[in-house]
Amino acid sequence: MNTMNTFSGKLLHDASEAYISDIIRPVKVHLSNYLVIEEQIMNTILKKFGLDDLSAEEHDMWKQIDDEMLDNELAVMLTGEENRKPVILAATPDFAEHSHREIEQVFYEMAQQLLAAQQAAMCAVIAASSAAAASAGSSGGC
């Protein structure tokens, strides 16, 4: 399992919603072809970012996180669920209202950090391979 790919997949797990909107789960299942369209868009996005080879385990990880977030959202946002004891998360979610622009900026900054870290990790692998190749008489670089 590639940790950087797993993180990238988690970051992009709802990316299709940028194109077809966020629709709550109980409604999604009743919309004809919605899940097929959502899957096609997600596959295109994942392929664009080189994440089309994520394992079933990696997909399951982000689905579990999504379920845990939903559980926490219900406790905060749904009338009658104030006494719900949601699963404890590794970080405290920000349920405050934010403008679309604010969220876009935060997402962009996180994506840039992730891509920079991914590039650095790739360069480290290339450098290690180049060092091994150099001792064998080849050259390479990042």
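Helices (H or I, at least four residues) and strands (E, at least two) are DSSP runs, numbered from the N terminus. The structure is a predicted model, in which local features need pLDDT of at least 70 and side-chain atom pairs count only at pLDDT 80 or more, while totals for chains, interfaces and linings use all residues. Residues are numbered from 1 along each chain as its sequence is written, and side-chain values use heavy atoms, with hydrogens and water left out.

Helix α6 spans residues 100-136, and Ala-111 is placed in helix α6. Ala-111 has a relative accessibility of 17% and therefore counts as buried (under 20% relative accessible area; exposed is over 50%, and partly exposed lies in between, with a 1.4 Å probe and protein chains only). Together with Phe-7 and Val-106, Met-110 makes a nonpolar surface patch of about 260 Å². Patches are made of residues with over 30% relative accessible area and no salt bridge, like charges being joined within 9 Å and nonpolar side chains (Val, Leu, Ile, Met, Phe, Trp, Tyr) within 5 Å. Accessible areas come from the Shrake-Rupley method with a 1.4 Å probe, and for residues only the protein chains shown count as cover.

Two packed helices are described by the angle between their axes and the distance between the axes. Helix α1 (residues 3-11) and helix α5 (residues 56-77) have axes that come within 10 Å and cross at roughly 45°. At this angle α1 is oblique to α5 (under 35 degrees counts as roughly parallel, over 145 as roughly antiparallel, 65 to 115 as roughly perpendicular and the rest as oblique). The axes are lines fitted to C-alpha atoms, for helices over the stretch in contact, and angles run from 0 to 180 degrees between N-to-C directions. The crossing of α1 past α5 is right-handed, the near helix being turned clockwise from the far one by less than a right angle.

Side chains of opposite charge can pair when their charged atoms come close. With a salt bridge taken as a side-chain nitrogen of Lys or Arg within 4 Å of a carboxyl oxygen of Asp or Glu, the count comes to six salt bridges. One of them joins the side chains of Asp-66 and Arg-25, at 3.5 Å from N to O. This pair links distant parts of the chain, with Asp-66 in helix α5 and Arg-25 in helix α3 (residues 25-28), 41 residues apart. Asp-66 is partly exposed at 25% relative accessibility, and Arg-25 is partly exposed at 39%. Glu-38 forms a salt bridge with Lys-28, with 2.9 Å between the closest N and O atoms. Here too distant parts of the chain are linked, Glu-38 lying in helix α4 (residues 34-48) and Lys-28 in helix α3, 10 residues apart. Both Glu-38 and Lys-28 are buried. A further salt bridge is that of Glu-104 with Arg-101, whose closest N and O atoms are 3.0 Å apart.

Most residues other than glycine have a negative phi, and most peptide bonds are trans. Ser-21, in the loop between α2 (17-20) and α3, has a positive phi near 75°. Asn-33, in the loop between α3 and α4, has a positive phi of about 70° although it is not a glycine.
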